[in-house]
Amino acid sequence: MFYSKNLKKIKQVKHCFFSRKGGFSKGIYKGLNCGKGSKDNKANIKKNLKFVSKKINVKLDNLKLMHQTHSNKVIVINKNNKNSKNFNSDALITNVKGCALGVVTADCVPIILYDSKNKLIGCIHAGWKGAFSGIIENTIKKLKKLNAKNRILASIGPCIGQKSYEVDINFYKKFIIQSKKNKIYFLKQNKLKRLFNLRKYVNDKLLKLNVKVDHVKRDTFKEKDKFFSYRRSQKLREKDYGRCISVISLSK
């Protein structure tokens, strides 16, 4: 379990970047797999989510998860839709007290947010596709639309580190076509391969939007005993992979 230095000081919110430790799942999902989209035993996933809810001090029904598709879609949870079971998005925002927002990741970047002026919380699933297509900008814009006067804190959780994130030349070119300034996020491996700094790419987008940022600097690919990793499971030729969960809730 990992925490944001900034958010830890705030009494109104509870949060945690959960590792894979603990939990009820077995085999390749061993530990606290919270990925409903994985092929893990559904009863074990439910037990894992119950464990998370208890730790964050909310009812299981009040832990809101998304059906994540690497989109740039943001949903605001309010009194009208708070009982919905399906949130097809890659970011959530709410001011509903006693409600927890969760994001599941296995190399992508989990971001949790708190607007201290307006008592709003948010979470973002930022893989390269979502970050590239504007999920971070859309989320912050939506927060600012709810109230223009704000003070937003963000914490960037465990994700794949640059040294572990090898990409091909076409991936690199996609980012350079978008902006030549994106060169700073890549290290050259050889003629055909680059190393991509997803954490810094996401961090700089938040800073540009006047968001105060802190980090839990952990590499999900390297730290096998602590985190699930999509890329590691691919390299090991495993059939599937678990997901870690990051959660923020607004105290009653």
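**Cavity, pockets and a helix**

Modeller: The largest cavity holds about 60 Å³ of space. On a 1 Å grid over the protein atoms alone, a cavity is a set of points where a 1.4 Å probe fits but cannot get out. Grid points are joined across faces, edges and corners, and a volume is the space filled by probe spheres set on the points. This is a predicted model: local features need pLDDT of at least 70, side-chain atom pairs count only at pLDDT 80 or more, and totals for chains, interfaces and linings use all residues. Residues are numbered from 1 along each chain as its sequence is written, and side-chain values use heavy atoms, leaving out hydrogens and water.

Colleague: How many cavities of 30 Å³ or more are there?

Modeller: One.

Colleague: Which residues line the largest cavity?

Modeller: Among them are Phe18, Asp107, Phe227, Phe228 and Cys244. Lining residues have an atom within 4 Å of a point. By class, the lining has seven nonpolar, three polar and one charged residues. Ala, Val, Leu, Ile, Met, Phe, Trp, Tyr, Cys and Pro count as nonpolar, Asp, Glu, Lys and Arg as charged, and the others, Gly among them, as polar.

Colleague: Now pockets. What is the volume of the second largest pocket?

Modeller: About 240 Å³. A pocket is an open set with protein on both sides within 12 Å along at least five of seven lines. The largest pocket has about 1300 Å³ of space.

Colleague: Which residues lie nearest the centre of the largest pocket?

Modeller: Gln68, Val104, His125, Tyr241 and Arg243, out of 45 lining residues. That lining divides into 19 nonpolar, twelve polar and 14 charged.

Colleague: Back to the second largest pocket. Which helix gives the most to its lining?

Modeller: Helix α6 (residues 198-208), with four residues. Helices (H or I, at least four residues) and strands (E, at least two) are DSSP runs, numbered from the N terminus.

Colleague: Switching to α5. Which of its residues are buried?

Modeller: Phe171, Tyr172, Phe175 and Ile176, in residues 169-178. Buried means under 20% relative accessible area, exposed over 50%, partly exposed in between (1.4 Å probe, protein chains only).

Colleague: Why are they on the same side of α5?

Modeller: They cover an arc of only 135° around the axis, which puts them on the same side. The arc is that of the directions from the helix axis to the C-beta atoms. Asn170 and Ile177 are exposed on the other side of α5.
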